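Work through these exercises with the structure open beside you. Try each task before reading its solution.

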Amino acid sequence: MGKDEIAQVLVKKIQDQTGVLLAPTDYNENLFKQCYGIMPRDMLQVIIELEGVVGYKVTDIFKTNDSSIMTIDRLSELIYNFGNN
């Protein structure tokens, strides 16, 4: 699964979990910005569900990164790289 496909799955899962529809112009914005109203627990659920789609554990990306990774672009890049190393 490519980086763009991972981004699309993230966007879809965020919409399903929170009702927030993200446009491509939002992909470099921090998902915890108040305007989105996305809670950390919602993102954890999204990431856990994404693991089933990509077929590998990705929650470990949070061990060495802070909340600055919480953009669609950065998350999809890290998840893609994690599965391809």
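**Exercise 1. Where is the place of asparagine 30?** Then describe its surroundings.

Solution. 
- Step 1. Asparagine 30 sits in the loop between helix 1 and helix 2.
- Step 2. The relative accessible area of asparagine 30 is 24%. Buried would need a value under 20%, so asparagine 30 counts as partly exposed.
- Step 3. List its contacts. Leaving aside neighbours within four places in sequence, asparagine 30 is in contact with Tyr36, Ser67, Ser68, Met70 and Thr71.
- Step 4. The asparagine 30 side chain reaches the backbone nitrogen of phenylalanine 32 at 2.8 Å.
- Step 5. Compare chain and space. Asparagine 30 and aspartate 73 are 43 residues apart along the chain. Their C-alpha atoms are separated by 9.9 Å.

**Exercise 2. Say how confident the predictor is in this model.**

Solution. 
- Step 1. Remember that the model is predicted.
- Step 2. Take the whole protein. The mean pLDDT is 91, and 100% of the residues reach 70 or more.
- Step 3. Go element by element. Confidence is highest in helix 1, at 96, and lowest in helix 3, at a mean of 91.

**Exercise 3. How many residues has the largest nonpolar core, and which have the most contacts inside it?**

Solution. 
- Step 1. In soluble globular proteins, nonpolar side chains tend to be buried together.
- Step 2. Size the core. The largest nonpolar core has 25 residues. Those with the most contacts inside it are Leu10, Ile14, Leu22, Leu31, Met43, Ile72 and Leu75.
- Step 3. Name the contributors. Helix 1, helix 2 and helix 3 are the elements that give two or more residues to this core. Helix 1 gives the most, with six residues.
- Step 4. Zoom in on one member. Not counting residues up to four places away in sequence, leucine 75 touches Leu10, Leu31, Met43, Ile61, Phe62, Ile69 and Met70.

**Exercise 4. Is serine 76 buried or exposed?** Then find what lies around it.

Solution. 
- Step 1. Serine 76 is found in helix 3.
- Step 2. Apply the cut-off. Buried means under 20%. Serine 76 has 2% relative accessibility, so serine 76 is buried.
- Step 3. The side chain of serine 76 reaches the backbone oxygen of aspartate 73 at 3.1 Å.
- Step 4. Find its contacts. Beyond four places in sequence, serine 76 touches Lys3, Ile6, Ala7 and Leu10.

**Exercise 5. How many salt bridges does the count come to?** Examine some of them.

Solution. 
- Step 1. Count. There are five salt bridges.
- Step 2. Take one in helix 1. Aspartate 16 pairs with lysine 12, and the closest N and O atoms are 2.8 Å apart. The two residues lie four residues apart in helix 1, about one turn. Lysine 12 is partly exposed, at 46%.
- Step 3. Take one in helix 3. Glutamate 77 and arginine 74 meet at 3.5 Å, N to O. They are three residues apart in helix 3, so about one helical turn separates them. Glutamate 77 is partly exposed, at 31%. Arginine 74 is also partly exposed, at 31%.
- Step 4. Take another pair. Glutamate 29 and lysine 33 form a salt bridge at 2.8 Å, N to O. Glutamate 29 is partly exposed, at 30%. Lysine 33 is partly exposed, at 35%.

How values were computed: Residues are numbered from 1 along each chain as its sequence is written. This is a predicted model: local features need pLDDT of at least 70, side-chain atom pairs count only at pLDDT 80 or more; totals for chains, interfaces and linings use all residues. Side-chain values use heavy atoms; hydrogens and water are left out. A salt bridge is a side-chain nitrogen of Lys or Arg within 4 Å of a carboxyl oxygen of Asp or Glu. Buried means under 20% relative accessible area, exposed over 50%, partly exposed in between (1.4 Å probe, protein chains only). A polar contact is a pair of N or O atoms within 3.5 Å; within protein, one must be able to donate a hydrogen and the other to accept it, and residues adjacent in sequence count only if both atoms are side-chain atoms. Contact means heavy atoms within 4.5 Å. pLDDT is the predictor's confidence in each residue, from 0 to 100. A nonpolar core is a set of buried Ala, Val, Leu, Ile, Met, Phe, Trp, Tyr and Cys residues joined through side-chain atoms within 4.5 Å.
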